[in-house]
Amino acid sequence: MLNRIISSASSSHGNTLEMSFARNDPTIILGSAASRKPDTFGGDKEAFVRQSRAVEAMAAKGPSGNALHWSEIFTFIEFKLRHHSLLSAPAATTSSSGGRRPKSTSTSRTRGAGDISPSGAPPAKRARINGGTPATPGPASATRSKSKSASGTNPPPPPAGTKRSNTKRSTSKVTSGTPATSLVPSRTSNKGSGVGASGGSKAQTTSTTLKETPETQCASYALELLSHGGLRTHVIAALVTDDSIELLYYDRSIIIKSEPFNFITDQKQFVAWVIGMIRLDSAGWGFDPVVPHVRRYTDITATGKISKSLYNDSGMKLGPGWELRIKGTIFNAHCIIGRGTAVFLAEVEGTPKGRELSKKKTVIVKLSNPAKSRLSEIEAVTTAHRQAASDERTKKFLKNLPLIIDYEDRAAGRVQMALLGHFKDLYELRVPRAIIMEQLFPITELVDAASAAPVYRDIVECYRWLFDECRIRHSDISINNLMYRREGGHNHGVLNDFDLVGRRGDFTGPQSRQRTGTKQFMAYDLLNPHKSHSHFYRHDLESILYVMVFHFCGHRQGQEIPFSLQDWSEISGGALWHRKLTFLNDIPPSTTDQVRSTHEVCDLHRAQRP
């Protein structure tokens, strides 16, 4: 039915995207390790005909052996039959639009008015959210998510033993006059993701200990779309329960679900929703324009593995004159809430007028969405470079700082600005930022104590100087952020990634709604679920200790290997707090045969001090 409506209405709206919906369940979507299978999905019609996929057969029977990749999907619709028959559903209350909808179980109300639409309609009044600790969806398997159900259709209580989390909730007007419930991101979530996320694009271990709600199930699909479905700013989807539809919205700062409306009795609302979908272009569906939406469907690897070549040979244009060609993906964050960082290896094909940089030169391009409230990475690195160059004694630290070639800060999208107008300070505005940097190399490539010790020494000394002289606190020490530079036959340690940087002595708490740090490398104090701690110098030193442990115990010849602490990225923050207490009072895990012990590195470090 949706496909017939879309087909007949698309021509009158002049949209270049030909969209179709198809059944999917029980086929697993390709491109991630999450093994997720939404009931239905909507996508580019071009993807459906790849490898002789017939649109009519797809709509009725699904893709069968021709599974789709997350990058081929625009949206999803999940279906739940709670009362087993549409006729046996309880009586619904009449909505303001004339339709009927089930009573909402929302515990906090706002009498805001106005709409927020994909086209940037005027924002509603501010939503008031009272009480509770917000929570964000977890990693690949939503069964690990701590998000509480916010359904407006009276979901049944979870079975005994199922963990709950308190979620701030509000009701406001969102699309086409439909009230919405907002799941506001947590202040205790981790870098770029919710509790339990790994923060990277590695395979996540699924867990079946928790029964997932429809809301966490939908959030798990949004997680994969934002992480492995191309570069995305947001995801729009829907949850259908019996004869009611709830609209869903996910971006890097917030998760919103609308009040349900009855698609049988409220036909005007249903038609408005369908027309709204038809009008969306690729940017409206959340595809970031900095890299064109990947539509080379025949090139996508047809496996369940995470593809590192999805963007290879894609063109990228930044600022006035930068033309780049992506040659590989170094890092792609696995998250909903957070910066959503993606790091690429790229070749220079064109430069702005007056910039001297040889073509085909290899550079690093980092795309992220840091909070506008934070101290800018650009400002922090520029300040450090200027201060290091001002004194002969400190010029040596120029070799230990990243070199930013150029950057571009883009304006937030219309949807995000409308959400800011609606939720005010409850919505964290983010800055879409692209940085072109000198190529550096991961510290895990250093496979023995002799080569690693001077690099770690450089990083520790540079960090101490940044803290003492530049009054800069890094706040995000992780194994991905400690790098090294090759220069004149020598390796120089580099402290990289200043996205979460803070000012020394600023103890007002996190400068955004996210607790800073990558969970497995965060200091023990900062994971304490019972007490909030300011971020001190010693916390970053503790993080460097964890990096050394993961480096020397969890890597061999630059490649990750199984070891006893690798599940630190998968467990909750509270559980990890207890684990780290045990770790700090226990015998450390065994190192690989390349490094006899972390003491060997520390001894070499001390011996090489001037």
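Predicted model: local features only at pLDDT ≥ 70, side-chain atom pairs only at ≥ 80, totals over all residues.

Reply: Residues are numbered from 1 along each chain as its sequence is written, and side-chain values use heavy atoms, with hydrogens and water left out.

Me: How many helices and strands are there in the protein?

Reply: Helices (H or I, at least four residues) and strands (E, at least two) are taken as DSSP runs and numbered from the N terminus. Counted in that way, the protein has 11 helices and 24 strands.

Me: What percentage of the residues of the protein count as buried?

Reply: Buried means under 20% relative accessible area, exposed means over 50%, and partly exposed lies in between, with a 1.4 Å probe and protein chains only. Of the 610 residues of the protein, the share that counts as buried is 57%.

Me: Which residues touch the most other members of the largest nonpolar core?

Reply: A nonpolar core is a set of buried Ala, Val, Leu, Ile, Met, Phe, Trp, Tyr and Cys residues joined through side-chain atoms within 4.5 Å. The largest such core has 50 residues, and α6 (377-389), α8 (449-469), β20 (482-487), α9 (537-554) and α10 (573-584) each supply at least two of its residues. Apart from it lies another core, of 26 residues, which includes Met 19 and Ile 236. In the largest core, the residues that touch the most other members are Tyr 456, Trp 465, Leu 466, Leu 482, Leu 495 and Phe 498.

Me: How are α6 and α8 placed relative to each other?

Reply: Ala 384, Gln 387 and Ala 388 in α6 meet Trp 465, Leu 466 and Glu 469 in α8, where contact means heavy atoms within 4.5 Å. The two helices pack at an angle of about 95°, with their axes 11 Å apart; axes are lines fitted to C-alpha atoms, for helices over the stretch in contact, and angles run from 0 to 180 degrees between N-to-C directions. Angles under 35 degrees count as roughly parallel, over 145 as roughly antiparallel, 65 to 115 as roughly perpendicular and the rest as oblique. The arrangement of α6 and α8 is therefore roughly perpendicular.

Me: Is Gly 284 buried or exposed?

Reply: Gly 284 lies in the loop between α5 (267-279) and β12 (315-318), and, leaving aside neighbours within four places in sequence, Gly 284 is in contact with His 234 and Ile 236. Because its relative accessibility is 14%, Gly 284 counts as buried.

Me: Which side chain makes a polar contact with the side chain of Glu 570?

Reply: Glu 570 is found in the loop between β24 (559-560) and α10, and at 15% relative accessibility Glu 570 counts as buried. A polar contact is a pair of N or O atoms within 3.5 Å; within protein, one must be able to donate a hydrogen and the other to accept it, and residues adjacent in sequence count only if both atoms are side-chain atoms. At 3.4 Å, the partner side chain is that of Ser 569.

Me: What is the phi of Asp 242?

Reply: Asp 242 is found in the loop between β8 (234-241) and β9 (244-251), and at 10% relative accessibility Asp 242 counts as buried. Most residues other than glycine have a negative phi. Asp 242 is not a glycine, yet its phi is positive, at about 55°.
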